[in-house]
Amino acid sequence: MFSILDMFSIGVGPSSSHTVGPMRAAASFARSLAACRALDRVARVRVVLYGSLALTGLGHGTDRAVMAGLEGAEPATVDTDRLMDIRAHVEAEGGLLLAGERRIPFDYAHDMAFERWQRMAAHANGMRFQAFDAASSLVDEQVWYSIGGGFVRQGTPGDLMIGIHDRPMAPTPADAATGYGDGVPHPFRTCDELMAICRREGLDVAGVVWANETAMRPAADVRAALLDVWRVMRECVEHGCTSSQRVLPGGLDVPRRAPRMYERLTQSGDVLRRDDRRVDAALEASDAAWVNLFALAVSEENAGGGRIVTAPTNGSAGIIPAVLQYYWHFAAGADEDGVIRFLLTAGAVGYLFKRNASISGAEVGCQGEVGVACSMAAAGLAAVLGGTPGQVENAAEIGIEHNLGLTCDPVGGLVQIPCIERNAMGANTAINAVRMAMLGDGSHIVTLDQAIRTMKQTGEDMMAKYKETSEGGLAVNVVEC
């Protein structure tokens, strides 16, 4: 059964769909070999990456993530230093430690294949894992899809293949299996249903979600998990602001801006070091600059392969932490209960997008990443600033409406340009959406459900070159210039 906690998984950069998801899929494949006692028969494994994973996988570290996953690593606990240089480690150690148990040879040039001309029809992020014995006979074969936000779904080896630029024979179905089922007190599939529950039960969005989550696990566990997410977000901002790394990896030589920006902003007072979190007039006047800093710090940590929270994806991981830091440092009366309310509300909105559309840039473009994160952050902030359920929906709708059609065109296949700045813009858009929504009474013409449906349709109509393939937009023109 779905949990809001699934929308905020602790992972590693630079991409949830291209790094976190493939690592999880590879680890699942390796575990299954161990579970069926086939490890002793395996002499070689081969991985084929399709679609967006093949076209931008090198820049996103998909190959490294898969190798780590085959060794049994998980995104939340993987050794990030080893991950960055895993090819060299495997070479020096004489092979790959499959499932953390059996050392087998691994010839990167032969065993890691990037299929740039075909893709799986079911999703743009497809992977095929094959295990062979010493006689080159197939021991096992699995197909997996990384469907956005680090979520993965298993397919079948015989799944349909199409040309890299061909459209699927039918639109990718909504992830209807991932949702609140009958085992919770307030199941909902749409925002209209969620708003009806709020009216009927006299609850806010966070109250509805809290009731569902605590029906599945103890309340203390839910609270602890959400506060752990908040801890990792805060640490990520801190690391990004104080990093000694001055240039991001990948070859574009993009400089980290957060450390220098942090030095400049602290000349007027350090928001991160104010224990009492009282709003100082001088600091309040520069709150937008601090929001920019928070978002850039997290996005640069992600681009550098650091520990982050998918919120709901890695490419958009800076938006929710930035807006949460804005609440924590600039809102009167901010406390941990507010942080929990924020995350519960934001998670509900993210769930609606995931269930009824997509949070995969390879499927619907960046509107499904930055746009969704902006909508989630707006909903969370509106909730903790005292917004009604109607105002929360309004803020979320404003947040996505003005990101509709946003393309995913990373330069060099890296989560750097324009991704890092987009996080800062998305965070400030979320805050402004809340300001507009709070000035109204919650009534609005366009519903969040309508905006989500529009985002899905827009993503289906968008050309493949604008959906995380680095074959169009800035990815092409920056190189040409």
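Modeller: Two strands pair if DSSP finds at least two bridges between them. Helices (H or I, at least four residues) and strands (E, at least two) are DSSP runs, numbered from the N terminus. This is a predicted model, in which local features need pLDDT of at least 70, side-chain atom pairs count only at pLDDT 80 or more, and totals for chains, interfaces and linings use all residues. Residues are numbered from 1 along each chain as its sequence is written, and side-chain values use heavy atoms, with hydrogens and water left out.

Biologist: Which residue of strand 7 does Val47 stand opposite?

Modeller: Val47 faces Phe129 there. Strand 2 (residues 44-50) and strand 7 (residues 126-132) run antiparallel and are joined by 6 bridges.

Biologist: What is the order of the strands in the open sheet?

Modeller: The order is 5-2-7-8-9, which makes 5 strands with mixed pairing. Strand 5 (112-115) and strand 9 (151-154) are at the edges; each has a single partner strand, so one side of each lacks a neighbour in the sheet.

Biologist: Now the cysteines. How many disulfides are there?

Modeller: The count is 0 disulfides, a disulfide being a pair of cysteine sulfur atoms within 2.5 Å.

Biologist: Is Cys198 buried or exposed?

Modeller: Cys198 is buried, at 5% relative accessibility. Buried means under 20% relative accessible area, exposed over 50%, and partly exposed in between (1.4 Å probe, protein chains only).
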